[in-house]
Amino acid sequence: MPDREDDEGDGRGASTRRDFLTQVGFGACAAAVLGSGAVTMDYLEPKVLFEPPTAFAAGTPVDFPEGTVRFDKEHRAYVIGAPGGVYALSAVCTHLGCITRYRSDENAISCPCHGSRFDLEGDVVNGPAPRPLPWLDVQIDAAGNLVVDTSVVVARGKVLKT
């Protein structure tokens, strides 16, 4: 009966089943460590939500004569020229958060989703909206431009005198 060493030769190039399974095991462990490291690094990286600025330039006071209504789609706000000044309203319906639309033929703001209607001062005319549209802060910057801040709600009736 020949020796096992003679059958295996000098050991170069020949691989046993045990060696193969050992290499597969080490490979699986290495893959698990790398995967865990990748997940850990992703967890440690901050997840930041970048939101657009809430303040925007709406133009100059001259751009808003009495009766002018302009809608800023990006900031969801109406800038309205009133007698003696300018004010801004949120365009977000107080019922379910839909974006309202200005209807120049009716001189009113309406919600296309559920039928709420508001006058140009934001008061509810009809519909399911429970509250009037909020008034937003309007200021004049150093260059003379109107700046509306959608994150600042002001008292109803606050008109920026121009």
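Hairpins, an open sheet and salt bridges

Modeller: In this predicted model, strand 3 and strand 4 form a hairpin with 2 residues between them, and Gly-84 in the turn has a positive phi of about 85°.

Colleague: How many bridges join strand 3 to strand 4, and which residue of strand 4 does Gly-81 stand opposite?

Modeller: Strand 3 runs antiparallel to strand 4, which covers residues 85-90, and the two are joined by 6 bridges. Within this pairing, the residue of strand 4 that stands opposite Gly-81 is Val-86.

Colleague: Which residue in the turn between strand 2 and strand 3 has a positive phi?

Modeller: Strand 2, made of residues 69-72, pairs with strand 3 in the antiparallel sense over 4 bridges, and Phe-71 stands opposite Tyr-78 of strand 3. These two strands also form a hairpin, with 4 residues between them. The residue in that turn with a positive phi, of about 55°, is Arg-76.

Colleague: Why is strand 3 described as largely enclosed by the rest of the structure?

Modeller: Both faces of strand 3 are covered, with Ala-77, Val-79 and Gly-81 buried on one side, and with Tyr-78, Ile-80 and Ala-82 buried on the other. Strand 3 spans residues 77-82 and is largely enclosed because the number of its residues that are buried is 6 of the 6.

Colleague: Which strands stand at the edges of the open sheet formed by 4 strands?

Modeller: The sheet has the order 5-6-7-8, and its pairing is antiparallel. Each edge strand has a single partner strand, so one side of each is left without a neighbour in the sheet. The strands in that position are strand 5 (101-103) and strand 8 (124-126).

Colleague: What is the bridge partner of Arg-101 in strand 6?

Modeller: Strand 5 pairs with strand 6, residues 108-110, in the antiparallel sense over 3 bridges. In strand 6, the bridge partner of Arg-101 is Ser-110.

Colleague: How far apart are the closest N and O atoms in the salt bridge of Lys-47 with Asp-42?

Modeller: A search of the whole structure finds 6 salt bridges, and one of them joins Lys-47 and Asp-42. Lys-47 has a relative accessibility of 60% and counts as exposed, whereas Asp-42, with a relative accessible area of 43%, is partly exposed. The closest N and O atoms of this pair are apart by 3.1 Å.

Colleague: Which residues do salt bridges that share partners join into one network?

Modeller: The side chains of Asp-105 and Arg-103 meet in a salt bridge of 3.8 Å, N to O. Asp-105 is exposed, with a relative accessible area of 61%, while Arg-103 is partly exposed, with a relative accessible area of 35%. Salt bridges that share partners join into one network the residues Arg-103, Asp-105, Glu-106 and Arg-117.

Notes. Residues numbered from 1 in each chain as written. Predicted model: local features only at pLDDT ≥ 70, side-chain atom pairs only at ≥ 80, totals over all residues. Heavy atoms only, no water. Pairing = 2+ DSSP bridges. Salt bridge = Lys/Arg side-chain N within 4 Å of Asp/Glu carboxyl O. Buried < 20%, exposed > 50% of the residue type's maximum accessible area, 1.4 Å probe, protein only.
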